[in-house]
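Take the points in order and find each residue as you go.

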Amino acid sequence: MKIFLAKLLLFLALFVAADMVLGMLVGHFHLKTKNTVLTNANYGFVGYKNDDILLFGASEVSHTFISDMITEETGLSTYNLASDGCGIFYQYALLETILEKHTPKVVLLSTSQLIMKELDYVSRMYPYYKNNKYVKSVVDKLNRYERFKLFFQGYVYNSQIIRIFDAKDDNSSGYIALPAEEQNAKISEIENLPLGLNHDIDPEIKAYYKKFMDLAHSSGVTVYAYFPPQLEIINPEYLDTILTVTKNTEAKVINLSSDWKILGRPELFFDKTHLNHAGAKVTTDRFIKILKEDNIY
Amino acid sequence: MELTAITDNLTNVFQKTFDDTELTLSDDLTAGDVDNWDSLTHMVLIGEIEKEFNIKFKLKELNKMNTVGDLIGMIKSKVS
Amino acid sequence: MVFTSLNFLIFFPAVILLFYLTPSRFRWLTLLISSYFFYLNIEPVFGILTAAITISTYIFTRLIDRAEKDSKKSVLMYINVIIILLPLFFFKYFSALNDGVFTILEAYNIRWALPKITFLLPVGISYYTFMAIGYTVDVYNEEMKAEKNIGIVALFISFFPLILSGPIERATNMIPQFKSELKLNPSNFKTGLQLILWGYFMKLVVADRLAIYIDVVYGNLEYHNGNSILLASILYPIQIYGDLGGYSLIAIGVSKVLGLNVMPNFERPFFATSMAVFWRRWHISLIKWLTDYVYTPLAFTYRKYGIWGIVLALMITFVLSGIWHAATLSFLVWGFLQGIFLSIEALLNKRRSRFVKKYKLMTSTIYIFLSIFFTYILFAVSEVFIRAETIEDAILVFKKIAFERGVIFLDLTTLAYGFIGSIILFMSEFREEYFPKKLLFFKNGNVLVRFASYLFVSLLILWIGILNGGQFIYFKF
């Protein structure tokens, strides 16, 4: 029996060692990856180059704001930090990380962050957990057992291997263009837009959203709350809730949710919730005009 | 009824039920040894045996017959 | 506390430690306490239910033993079976019945204020109910004597590795083991841990990964086209196998570590060459139970009808197996389909045998391959009714597969990982099926090969397994 236990312990030691070696290998490639989605996380948490205008959110932001266009028009370096499916806990840790290094002039956060509930995206921060105290703080707060699981590199990089080597390289300063799709044939046939839901807002998410806005503002940053356009009639209660939450922060609101100059043109949309490249140009242009009006540049 | 007569008649029933004219029986033969002898065909076999020997089995007895030898023994006890 | 939770990973070693510290005569007691602890951790209230069934079964089996006349024994058996079935009917089928009554009343515009009560299904109820019934019937059939120690009976019914999802064991197998001097030995540890490792692989790397893709497609049937739905439907049996099969292996492995031998639940089911063979390889413990306690008595009663008696017995048995899973129309249809498939096979059996013998197809690779393929398709078709959850959705699935083409929806990353896991599973079973003693990995004589295999599988689980939650599907049965 003692021999068996010794063998078992030997196996466990080998397992941990192999996991660490794999972790170092994969970690190395993770930081160098050209994968569209992971690039923004790497840039924000590690490679940040002190940009002036930063855009936070999930896919509704990453496919909408053309960073290079803003940089060219305003002369202020812009990066679109948004990452698919990422919610407020990610954004907050990211903001803290950035503010520690540098204070940007402008920060934009999507209001859709208030209704992002699936917590899977937190794993996108795992590779930075070890060396980033803000990530550590948020992750530990969400689940007190994560720190034990994160000892294992396989858990840190779980299911990321294929993604790390899946380089599509269609990311320009964080912006990822969506093509105009054939599906729009369906969208342009819609004459009456459906009524949107009155989404529930998780109190903890609301708290972090406010924290984000307040932290940015108190660091001297001009903050914008971006209410994206969607092919639906915005539910009035939901709109009200969002605007109330934002009113209690110092953020300026960019509300495109009922802007018919965009909603009335289905050819600008990739699907119900995302704009395509044509729509991105229109929206970015709008944003640049707002920045001009607010004397940002 | 004599043991050999039982075995002969039983062999006929087996051969007919499992469609195998060359099938021979031995005391330790079990379902696993014969093609197509499974829980589906087992009942058909039982029914045919009952008809052939004019006997009736009890459900409890089915579990006690694991080999052909058991089967022959059970038939003998019912026929005499 | 499911097997894939962190809690279990702490609970199990704790039990082993306790086991080790207990003198071997009392290890059954340690197991009993651990089992109740395990169960109460999930559903405190229903520990009472398990205890009640234990007490009833204990009393009645002992009465059966003492009774002299067969008629009295039989009455006692039926009473206990009914008592045991009452909670099952109440929790599982009451809501269905209640809904049914509601619907009928509504149709006649009667708004009777019958409260729509929804009950939380006590975990494991279908499993220990069957085990208790089996034990009762076995005592009646004189397969074994009623156990005098109520603690052992309680352990048999509540044994924690089996209580969540089987395998559905027999008292004739488990009780003698529980009463023996249970030992911890390296050989059991090794075999048990191998089974547990492979079980986790099947569940976390294969089943839970495929589930991601299948859930997305089946969760949006109106949106997806026939091609995507076809792919998801073809993959679904693999998901179920990884799920239930993996879970069973963990249960069997855990038992093995504790020195107990539990029956296998799956035996490379997708290599079956007919549905009859399939049902001897899939959810074996359930089918064996149904065969022994439902099919055999029925087929015996109807034997004077020859092959048609068999058909009737089959239909009833499999419809029952469908309803055992859940009291829904979908499962009824599923059970009905299984019965139909098997009946048709039974009816055509002689013809098929003759055909195979005539053309010597037993060794024909093409014939075997086609049989396997066709059997898989039949099973996949029946499983659509389960995954689609309602008859309407199932019909939608078949309609779209038949008529709606389009660009197939693929989540390449998910499918790639799923494919890797499935291929490894398939190759392992292929080897085991056709070359049983060759190319061994876990069972290889060379310790380096074994260690490398364990490492490979463990790392797969850690790196591409779905580690963040995920209840397994057979849980609430």
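1. First, a caution: what you have here is a predicted model. Please keep that in mind for everything that follows.

2. Start with who touches whom. Two pairs of chains touch, and the pair with the most contacts is A and C. Chains A and B, on the other hand, share no contact. Their closest C-alpha atoms are 38 Å apart.

3. Now zoom in on where A meets C. Chain A puts 18 residues into this contact, and chain C puts in 17. On the chain C side, helix 9 (186-218), helix 17 (412-434) and helix 18 (447-464) each bring at least two residues. Which helix of chain C gives the most to this side? That's helix 18, with eight residues. Sorted by class, the chain C side has 13 nonpolar, three polar and one charged residues.

4. Next, have a look at the sheet in chain A. Five strands make an open sheet, with parallel pairing, and the order to trace is 2-1-3-4-5. Strand 2 (78-80) and strand 5 (252-255) of chain A are at the edges; each has a single partner strand, so one side of each has no neighbour in the sheet. From one strand to the next, the twist averages 20°.

5. Look for A:Tyr226, whose bridge partner in strand 5 of chain A is A:Ile254. As background, strands of a sheet pair through backbone hydrogen bonds, either parallel or antiparallel.

6. A:Val107 sits in strand 3 (residues 106-110) of chain A. Is A:Val107 buried or exposed? It is buried, because 26 other C-beta atoms lie within 10 Å, and the cut-off for buried is 20 or more. Leaving out residues up to four places away in sequence, A:Val107 touches A:Leu54, A:Phe56, A:Ala216, A:Val221 and A:Val223.

7. In general, nonpolar side chains tend to be buried together in soluble globular proteins. For a chain C example, pick C:Leu155: apart from neighbours within four places in sequence, its contacts are C:Trp28, C:Leu31, C:Leu32, C:Ser35 and C:Phe178.

8. Finish with the two domains of chain C. Their centres, taken over C-alpha atoms, are 27 Å apart. Where they touch, domain 1 has 23 residues in contact with 21 residues of domain 2. Several helices of chain C give two or more residues to the domain 1 side, including helix 1 (6-21), helix 4 (70-107) and helix 8 (171-179). Helix 5 of chain C gives the most to that side, with five residues. By class, the domain 1 side splits into 14 nonpolar, six polar and three charged residues.

Note on methods
Residues numbered from 1 in each chain as written. Chains lettered and ligands numbered in written order. Predicted model: local features only at pLDDT ≥ 70, side-chain atom pairs only at ≥ 80, totals over all residues. Helix = DSSP H or I, 4+ residues; strand = E, 2+ residues; numbered from the N terminus. Buried ≥ 20, exposed ≤ 12 C-beta atoms within 10 Å, placed from the backbone. Contact = placed C-beta atoms within 7 Å. Pairing = 2+ DSSP bridges. Axes fitted to C-alpha atoms, helices over the stretch in contact; angles between N-to-C directions. Nonpolar A, V, L, I, M, F, W, Y, C, P; charged D, E, K, R; others polar. Domains from an automatic or database assignment.
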